[in-house]
Every structure is written in structure tokens, then in C-alpha cells.
Amino acid sequence: MIIKILSSAIKINLKQGLKVFIMISGISLCILVITLVTSISLGARQLVNETLQQFGPTSIIVFAGGRRQPGQPFQRSTTMTLDDVRSIKDQISGIVAIDPEANSNMNAKYGAQNIDTNISGATPSFTTAWDWNVAEGRFFTERENASMSRVAVIGTTVAKQLFQGENPLGKLIRIGTTPFTVIGVLSSLGTTPNGMDRDNRIVIPLNTMLKRMLNQTYITMMRIKFAPGTNINVVAGEISTILRYNHKLTASGLPDDFTIITPDQVMEFLNRINSTLNIFLVVSTIVAIVIGSVVVSNIMQASISEREKEIALRRAFGATKSLIVTQVFLEIFVISIIGSVFGATLGALLGVIMEHFTGIHVSISPLLFLVAFSVSTIIALIAGIQPAIKASSYDPAVVLQR
């Protein structure tokens, strides 16, 4: 019986032409928006998890400058030096690698190509401390750091921008006006949850950065990786005590002039991003359901009015009210399913295009089509209530005498 009614609903929809096209278009647009927002939300969640894994459960970052939070812009401070790094090395146990760094944004050139990029002065411990390997070539040595060599390891974004497919190893680039020889290319890490391109980076020896490029004695930050099983919150407190003593901040009431970022703080920050995206997803879904339901319900009621004699005739030949209600719901359900297929497909395609051109991370999965089907079913159920009540209320004796 249901199959017969469904077949009848499809035939009726085929006769409706323009009205059905408008309803399918409206539902497709709603599903497109939901699919796009869902794919961005899933992509952000995936990126968040990857970022947390990359930060490492046994690592901390110490920034120069107080009151910093993850994701906030960098604020320069001149109080953290290599003496602090030595104090931490001497007094804290369980350190696997510690990488002090000095960072600055500069312009890099190769031939006619140039790029504004982040220059990181680091030590040979960089790859261990950050779990960031060299994909091509090699990283610089302690001897090259001590001798202030002008060698550079570049990120993949810099390699693509400057060398346009050419092999960068052994080539001479200029950072500002200073020539450097490219000795390696870092593996790609992609973007951070706040959109920063981690591969737009050049790493040079720390001593070269401090003495040749910046002419300064203070560092910007240090990344410390600890052995598994280390209580990160405890060592973070010990590091804070050392830095406060070194910086003469032990007097009561003086604020820290540094910021320690732990995995727990990163998790808290990333969870806030997830919560915001989830709220946006819920709001956009509700708005899409309301708009889709209103559009479909109004057009369907108009269609029911035009078909009142046809419906009255069905009632006169024995169709019950429940059969009329079922037929109306099936007509709307067929329209909603077709709209959800078009909307989900277009939304997924638009997400892929957006990721390609903007770098925004999206995740395309079967879950998107499940969400689209669920939302379209809800729209069909809500939008079908009024038209179904209207159709089932027709009295054949009254309608057929008009």
C-alpha cells in the first residue's frame, strides 16, 4: 500500500513542475548551508585534535612576556635570555630537549620571488623539541650554530613560493639583505586552528639570528620536551619559580614577565573553539529547518488548494483521511530527499573548493549525508503538518458541488 501511495506521490510531484522545483531548490539551499557548516566544524575538530597531538602531552612552551593566552598575538619582552635556559637545564630533571628561539617576521628573496615569512632562530634541538622532521636535506649542527653559519631550513610554503618547483637545496636566498644557503626543507604541518600557516617559516641557527640578524641578547620563547611520565603541571611550577627568581620577581605582587603554556591550557583553548563551532552549527541548522519548513509548507498548501477537487474525488471513491495525510507527507518527503541529495552534494563540493582556495580545513565524510537526510526528514515532517490537515479536511460533498 505504501509503495502504491509513494508511486502516486512521485507522479503527482512530476506534474507540479515549477512548484516542486522551487521546493527542491529551497531545501537544497538549506541542506547546502548545513553541509558546509558541518564539514567546516568536522574539519576544525579534526585539526584541533591534530594540533593537540602535535603540541605533545609532555611538552610546554615558555613565552617571553606575561599574561599571554594561546592564540593571542605575540608581545615582545626583553627579559628572557639564554641564562634562563641554562638555569632550567641545570635545575629541572626529565628534560628530553629544550629549544630556545628568537623569532621575527622578515622578507625572504630568491631571484625575482619573495615572501614575508617568520624567521626562527633555533638550536639543533628544534627537531626533537617540536617533533618536526626535515623532509629534504638536513638540519644545521651545533657547530654551525656556534659559528653563526648562514644556513637555513625552510618550510614548504616558503619552498613553493620562492622556488616554484625548483629544488631549493644548496640555493642562496636572502633574508632581509643577508645571504643564506638552504640546507633543508621541513615536513609540512599545515595550519593552526586560528589559521596561521606553520609552513611559512625559515629556521636558522639561534646565534646567527641573535648576533647577525637582530643584534640582541634576549630570546622570544623556549620549547621544552619532557620524558614520558613527567608531571607537567609540577615542572611548569618549578620553571615559573626559576624564572621569577632570575628576573627578580620574587617580591610579593609582581606579575610574571613570561607565560608558560601547558597541554592542559591548549586543551582548554581548543575546547573553546569547538564549543563556538558547535553553537554555530546548531543555530544554522535550526535556521535552515525553519526556513525550509516555511517555504515548503506554504507552497504545498497552495498546491493542495489547487488540487482540492482531485483530493475530494479520491475521498469520494473511498480514500480515508489517513491515506490522504500519508500521501501528502510522502509527496513532501520525496521532495525533501531529492533536495537533500542535491544540497549535500553541492555543499561537499563547495567545501572542497573552499579548502583548495582558502586553506580552511574541511572534512568530507558519509556523516554529512546522514545529517542531510536527517534534517530533510525533519523539514518534511514539520512542513507536511498544515498541508496534510488541510487536505484531509476536504468534504467531497461540498467541494464537488462548487
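Student: Which residue forms a salt bridge with K225?

Tutor: D131, with the closest N and O atoms 2.7 Å apart. A salt bridge here is a side-chain nitrogen of Lys or Arg within 4 Å of a carboxyl oxygen of Asp or Glu. This is a predicted model, where local features need pLDDT of at least 70, side-chain atom pairs count only at pLDDT 80 or more, and totals for chains, interfaces and linings use all residues. Residues are numbered from 1 along each chain as its sequence is written, and side-chain values use heavy atoms, leaving out hydrogens and water.

Student: Where do D131 and K225 lie?

Tutor: D131 lies in the loop between α4 (126–130) and β4 (134–137), and K225 in strand β9 (residues 221–226), so the pair ties together parts that are 94 residues apart in sequence. Helices (H or I, at least four residues) and strands (E, at least two) are DSSP runs numbered from the N terminus.

Student: Is K225 buried or exposed?

Tutor: K225 is buried, at 18% relative accessible area, whereas D131 is partly exposed at 43%. Buried means under 20%, exposed over 50%, and partly exposed in between, with a 1.4 Å probe and protein chains only.

Student: How many salt bridges does a search of the whole structure find?

Tutor: The search finds 5. Among them, D83 and R86 meet at 2.6 Å, N to O. Both lie in helix α3 (residues 82–91), 3 residues apart, about one turn of the helix.

Student: What about K171, which residue forms a salt bridge with it?

Tutor: E166, with the closest N and O atoms 3.8 Å apart. K171 is partly exposed at 23% relative accessibility, and E166 is partly exposed at 38%.
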